[in-house]
Amino acid sequence: MYEAVHAHPDGESTVARLARTAADYGFEGVVVRNHSSARADYDPDRIADEYGIDVVEGVEIRADDPEQASGSVGNYRPSHTVVALEGGSNALNRFAVEQPKVDVLAQPMAGNGDVNHVLAKAAVENGVRLEFDLSGVLRTSGGRRVRTIQSLRKLEEIVDYYDAPYVVSADPHSHLELRAPRELKAIGEEVGFSSGFIEDGLAEWGRLAERNRHVQSESFIEPGVQRGRYEEES
């Protein structure tokens, strides 16, 4: 299972500190999802070797509108293993699920954002994961927490009905906000999700990273076609 984190300067803790804590909690990997305006300076291979945990180079694009988002996706896709786009408006949500180059629609229910059957079908068609962001359950209270839970349950109904791809995250901005997988599964069960649902959403980050690394490797040409040994040597 993997967690997707915001590291300094987007968050409060360094990538190394987040990776160390995540490893201690039993995660197999972390996706560094800093916003495109606050990139982290780190060596993923060194950190991975030091703490025995996979460190995935990602980015979470924050844009004002689809036009700006389109330019950012084009800029960041070639150099990042995981590309997420922060939603929160119907226009950005729709743009994200219609773009095969986007891996994850982050926080789709935030702000004025929503997900309906049209967006769910587009997410399925283009392989865009919808994020279940548990931060509002973990770190808010009162009416705001109630609304967050209602939004997550609505999203789960749509994802389940259309068998749409999804990821789960606590969206930590500090090593102190990291929660072990067993804690996240307990939180999920508290708001109506099965333990398996949460576990699968955490694992999906790792499957996504593995797939994208393969696609970005020199041996990959297109689905089902790889460069052969003799072609590489010629």
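Thr-140 is buried in this predicted model, with a relative accessible area of 17%, which falls under the 20% limit for that class. The residue is found in the loop between helix H6 (135-139) and helix H7 (142-162), and, leaving aside residues up to four places away in sequence, Thr-140 touches Ser-135 and Arg-145. The chain around this residue has 10 helices and 9 strands. Its radius of gyration is 17 Å, close to the 17 Å that the globule rule gives for 234 residues, so the chain is as compact as a globular protein of that length.

**Overall dimensions, burial and charge**

- Along its principal axes, the C-alpha trace of the protein chain spans about 65 × 40 × 35 Å.
- Of the 234 residues in the protein chain, 52% count as buried, while the accessible surface comes to about 11300 Å², of which 43% belongs to carbon and sulfur atoms.
- When contacts between residues at least 6 apart in sequence are considered, 72% of them join residues at least 24 apart.
- The protein chain carries 25 positive and 41 negative side chains, and the centres of these two sets lie 3 Å apart.

**The loop between E7 and H8**

- His-175 has its place in the loop between strand E7 (166-169) and helix H8 (181-190), and with a relative accessible area of 18% this histidine is buried, because the value is under 20%.
- The side chain of His-175 makes a polar contact with the side chain of Ser-13, at a distance of 2.8 Å.
- Not counting residues up to four places away in sequence, His-175 touches Ser-13, Arg-17, Leu-18 and Thr-21, and of these, Arg-17, Leu-18 and Thr-21 fall within the residue range 15-24 given for helix H1.
- Asp-171 also has its place in the loop between E7 and H8, where its relative accessibility of 5% counts as buried.
- The phi angle of Asp-171 is near 50 degrees, which is a positive value in a residue other than glycine.

**Further backbone features in loops**

- The peptide bond that runs from His-8 to Pro-9 is cis, with omega near 10 degrees, and Pro-9 is found in the loop between strand E1 (2-5) and helix H1 (15-24).
- Gln-107 has a phi near 50 degrees, again a positive value in a residue other than glycine, and this glutamine is found in the loop between strand E5 (104-106) and helix H5 (117-126).
- With a relative accessible area of 17%, Gln-107 is buried, because that value lies under 20%.

**The ends of helix H2**

- Asp-43 caps the N-terminal end of helix H2 (residues 44-51), where a side-chain oxygen of Asp-43 lies 3.1 Å from the backbone nitrogen of Asp-45.
- After H2 comes Gly-52, whose phi is positive, near 65 degrees.

- Arg-182 lies in helix H8 and is exposed, because its relative accessible area of 62% is over the 50% cut-off.
- The C-alpha atoms of Arg-182 and Asp-54 are separated by 19 Å, the two residues being 128 residues apart along the chain.

How values were computed:
Residues are numbered from 1 along each chain as its sequence is written. This is a predicted model: local features need pLDDT of at least 70, side-chain atom pairs count only at pLDDT 80 or more; totals for chains, interfaces and linings use all residues. Side-chain values use heavy atoms; hydrogens and water are left out. Helices (H or I, at least four residues) and strands (E, at least two) are DSSP runs, numbered from the N terminus. The radius of gyration is taken over C-alpha atoms; the globule rule is 2.2 Å times the number of residues to the power 0.38. Buried means under 20% relative accessible area, exposed over 50%, partly exposed in between (1.4 Å probe, protein chains only). Contact means heavy atoms within 4.5 Å. Accessible areas come from the Shrake-Rupley method with a 1.4 Å probe; for residues, only the protein chains shown count as cover. Lys and Arg count as positive and Asp and Glu as negative; His and the chain ends are not counted. The place of a charge is taken as NZ of Lys, CZ of Arg, CG of Asp or CD of Glu. A polar contact is a pair of N or O atoms within 3.5 Å; within protein, one must be able to donate a hydrogen and the other to accept it, and residues adjacent in sequence count only if both atoms are side-chain atoms.
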